Amino acid sequence: MKVEEFDALIVGGGLSGLRVAIELADTMNVAIISKVYPLRSHSGAAQGGINASLGNTEAGKKDSPKSHAYDTVYGSDYLADQDAVMVLAEEAPKIVIELESMGAPFSRLDSGLIAQRPFGGAGFPRTCYAGDRTGHALLHTVYEQCIRKGVKFFDEFFLVDLIKVGNNIAGLVSLDIASGELVVFRLESVVLATGGFGRIYKRSTNAIINTGDGLGAAFRAGIPMQDCEFVQFHPTTLYGTNILMTEGARGEGGYLFNKNQERFMSKVAPKAMELAPRDIVARAIDTEILEGRGFDDSYVHLDLTHLGKEKIMERLPGIREISMYFAGVDPIEKPIPVQPGQHYSMGGIASKYKGDFGETPLEGLYSIGETSCISVHGANRLGGNSLLETIVFGRYVGRAILKKNKQKKLTASDVKKAESNVFKSIENLFSSWSENTGKKPVEIRNAMKNTMDVNVGVYREATRLKQAVEDLQQVQKDFKTMHIETHERKFNFGLIRALELRSMVDIAEVTAVAALWRKESRGAHFRTDYPTRDDKQFMVHSLVTRKKDELVIDTKPVTLGLFEVKERAY
Ligand SMILES: Cc1cc2nc3c(=O)[nH]c(=O)nc-3n(C[C@H](O)[C@H](O)[C@H](O)COP(=O)(O)OP(=O)(O)OC[C@H]3O[C@@H](n4cnc5c(N)ncnc54)[C@H](O)[C@@H]3O)c2cc1C
């Protein structure tokens with residue numbers, strides 16, 4: 001059994017994992033494992049930008065952290081923890097300037113200041129961007145800093161399971177994809193920064209690698225999943241492939257039309273129009289399609305033609321390229337066909353934001369970024385707040401680990417025993433997969449995705465959600481008898497897909513069960529059988545764990561107090 005030892009290990013080389021590493025690298029021996037080369041993390045796909053109330057534009061002069069926090073809480077339909085949101089908004093301007101000084105190539109105003117564009121649900125233009133490739137620019141910037149600081153990278157190492165002793169993290173077992181060897185990492189501080197779980201759906205803007213592995217590992221270790229019923233559907237994904245068409249396209253002035261050439265957003269958000277928050281725009285598009293006003297009963301048009309060639313080439317070159325390449329449409333000349341698709345996971349691993357920032361109920365285990373639920377997005381995330389969360393909270397989690405700077409408190413014999421148990425259980429799992437005679441992972445995966453798309457989508461109601469829960473219980477059963485070849489371990493991507501599926505089936509079930517439980521409509525969770533928000537019963541975070549074979553739902557209160565709770569209207 002190969003064993004590696006570090007002071008701290010981060011699982012995930014996206015923006016959040018890299019930002020934690022930067023904070024730790026000066027004083028700790030820190031390493032990152034990532035199942036793909038870090039620069040291929042989904043953070044690199046982010047297009048539109050990162051929010052900060054810099055007030056650089058004329059229209060944004062009066063912006064402030066408080067306005068940013070207000071928009072975020074209002075957009076979250078009051079499910080965000082308001083004090084955590086305030087931290088995010090207050091730190092935002094500092095963190096964007098820090099990124100600038102690290103060399104992030106932000107787009108500029110004529111004055112030379114960082115450019116800012118309007119985004120959905122925001123009172124002022126506060127989204128800082130690098131063309132329409134912001135994530136790519138930031139990921140490279142932060143990665144370079146990690147290299148400079150000597151962070152150790154284990155590329156193409158896959159987290160399989162966590163190791164714990166009592167209520168403490170003791171390390172994890174990973175699979176070295178190239179050699180096929182299981183490698184143990186022994187340490188008392190682990191950060192899960194494994195990104196979202198969008199791939200439990202078929203129609204998704206997420207990278208194929210966004211399979212919720214960190215959530216799955218934490219869930220199997222008994223840690224609650226928080227608010228997983230809140231799934232963000234992005235209104236504008238390219239029809240056919242569901243590649244994201246950034247909100248920046250509407251931020252720059254793009255219109256949405258149905259087949260009768262109506263700007264239908266006037267019906268639901270007469271003031272904000274196309275720049276209403278994502279949940280509202282996604283529902284409006286789905287309604288047009290369901291009521292027969294979509295094209296081919298499947299999509300609407302995102303029209304940029306009136307913006308002109310120059311603006312499109314300068315501000316949205318990636319969008320143009322993707323539209324031409326994947327849909328054969330040049331947005332300078334013709335509107336882009338779009339439909340809603342899964343985009344972001346508001347829920348995640350329940351993690352603290354007071355005291356030991358980002359720590360989960362398992363001592364020494366932290367989570368950060370899209371994997372975690374520190375709850376600044378509540379029931380609906382505003383565009384541009386997620387890149388922000390990765391960087392701001394990356395720094396905070398790093399600081400929390402440094403502050404705790406735990407003296408090693410686990411005994412070597414306990415740790416070795418726990419390692420050996422987890423190691424053996426994984427070997428047994430792999431052998432059983434070879435011996436089983438059941439379905440192939442792809443069949444199980446498709447059954448899961450189908451039911452999630454059909455029954456746990458933009459519009460939800462009890463009958464369909466019950467169907468989803470039933471389907472997913474069958475999926476779980478099929479998974480237990482799944483067959484896959486595991487003897488050859490080198491670059492065995494069948495094995496990797498199976499390990500990903502192991503987490504996905506759990507998280508899909510959590511999502512469906514929580515969605516069935518929440519009998520109200522709030523943010524991205526819309527129940528046609530309970531179409532209004534019910535603050536009396538449901539102004540709470542959901543927490544799902546597995547007890548024996550049952551999923552159990554618990555709740556915890558939302559932190560309010562800064563902003564008065566109101567109805568949302570745009
Ligand atoms: C197309 C798209 C566009 C977006 N645009 C914006 C935007 O403009 N603004 C904004 O604020 N937000 C945007 N978002 C959301 C935002 O990009 C993400 O929420 C954020 O970048 C997530 O960062 P992360 O560090 O948490 O995870 P990721 O960047 O997804 O990184 C996850 C890391 O975990 C690793 N990993 C996963 N599983 C394992 C495992 N089992 N073992 C080892 N390593 C593992 C991966 O290799 C990867 O390095 C967008 C999202 C998408 C999908």
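Trainee: How far from the centre of the F154 ring is the charged end of K152?
Mentor: This is a predicted model: local features need pLDDT of at least 70, side-chain atom pairs count only at pLDDT 80 or more, and totals for chains, interfaces and linings use all residues. Residues are numbered from 1 along each chain as its sequence is written, and side-chain values use heavy atoms, without hydrogens or water. A charge sits over a ring if NZ of Lys or CZ of Arg is within 6 Å of the ring centre and within 35 degrees of the ring normal. K152 sits over the F154 ring, and its charged end lies from the centre by 5.0 Å.

Trainee: Over the ring of which residue does the charged end of R263 sit?
Mentor: Here the charge belongs to R263. Its distance from the ring centre is 3.7 Å, and the ring is that of Y255.

Trainee: How many aromatic pairs are there?
Mentor: Rings of Phe, Tyr and Trp (its six-membered ring) pair if their centres lie within 6.5 Å; planes under 30 degrees apart are stacked, over 60 edge-to-face, and the rest tilted. Counted by this rule, the aromatic pairs number 24.

Trainee: Why is the pair of F154 and F157 edge-to-face?
Mentor: The ring centres are 5.2 Å apart. The planes meet at 65°, so the pair is edge-to-face.

Trainee: Is F157 buried or exposed?
Mentor: Buried means under 20% relative accessible area, exposed over 50%, and partly exposed in between (1.4 Å probe, protein chains only). F154 has 8% and is buried. F157 has 11%, so it too is buried.

Trainee: What is the angle between the planes of F491 and F493?
Mentor: These two rings form a stacked pair, 6.3 Å centre to centre. F491 is partly exposed at 46%, and F493 is partly exposed at 37%.

Trainee: In which loop is the place of D77?
Mentor: D77 has a positive phi of about 55° although it is not a glycine. At 7% relative accessibility, D77 is buried. Its loop is the one between helix 2 (65–75) and helix 3 (82–102).

Trainee: Which polar side-chain atom lies 2.6 Å from an oxygen atom of the ligand?
Mentor: A polar contact is a pair of N or O atoms within 3.5 Å; within protein, one must be able to donate a hydrogen and the other to accept it, and residues adjacent in sequence count only if both atoms are side-chain atoms. A backbone N or O atom of L15 lies 3.3 Å from a ligand oxygen. A polar backbone atom of G49 is 2.8 Å from a ligand nitrogen. The side-chain atom asked for belongs to S16.

Trainee: What share of the ligand does the protein bury?
Mentor: Accessible areas come from the Shrake-Rupley method with a 1.4 Å probe; for residues, only the protein chains shown count as cover. Taken alone, the ligand exposes 1,000 Å². The protein buries 99%.

Trainee: Which helix gives the most to the shell around the ligand?
Mentor: Elements giving two or more residues to this shell include helix 1 (15–25), strand 8 (157–165) and helix 10 (385–404). The top contribution is 4 residues, from helix 10.

Trainee: How many residues of the shell around the ligand are charged?
Mentor: Ala, Val, Leu, Ile, Met, Phe, Trp, Tyr, Cys and Pro count as nonpolar, Asp, Glu, Lys and Arg as charged, and the others, Gly among them, as polar. The shell has 13 nonpolar and 21 polar residues. Its charged residues number 4.

Trainee: How many residues of helix 1 are buried?
Mentor: The buried residues include L15, S16 and R19. Helix 1 is largely enclosed by the rest of the structure, because its buried residues are 11 of the 11.

Trainee: What separates the C-alpha atoms of K149 and E23?
Mentor: K149 lies in the loop between helix 4 (134–148) and strand 7 (152–155). It is partly exposed, at 24%. K149 and E23 are 126 residues apart along the chain, but their C-alpha atoms are separated by 9.9 Å.
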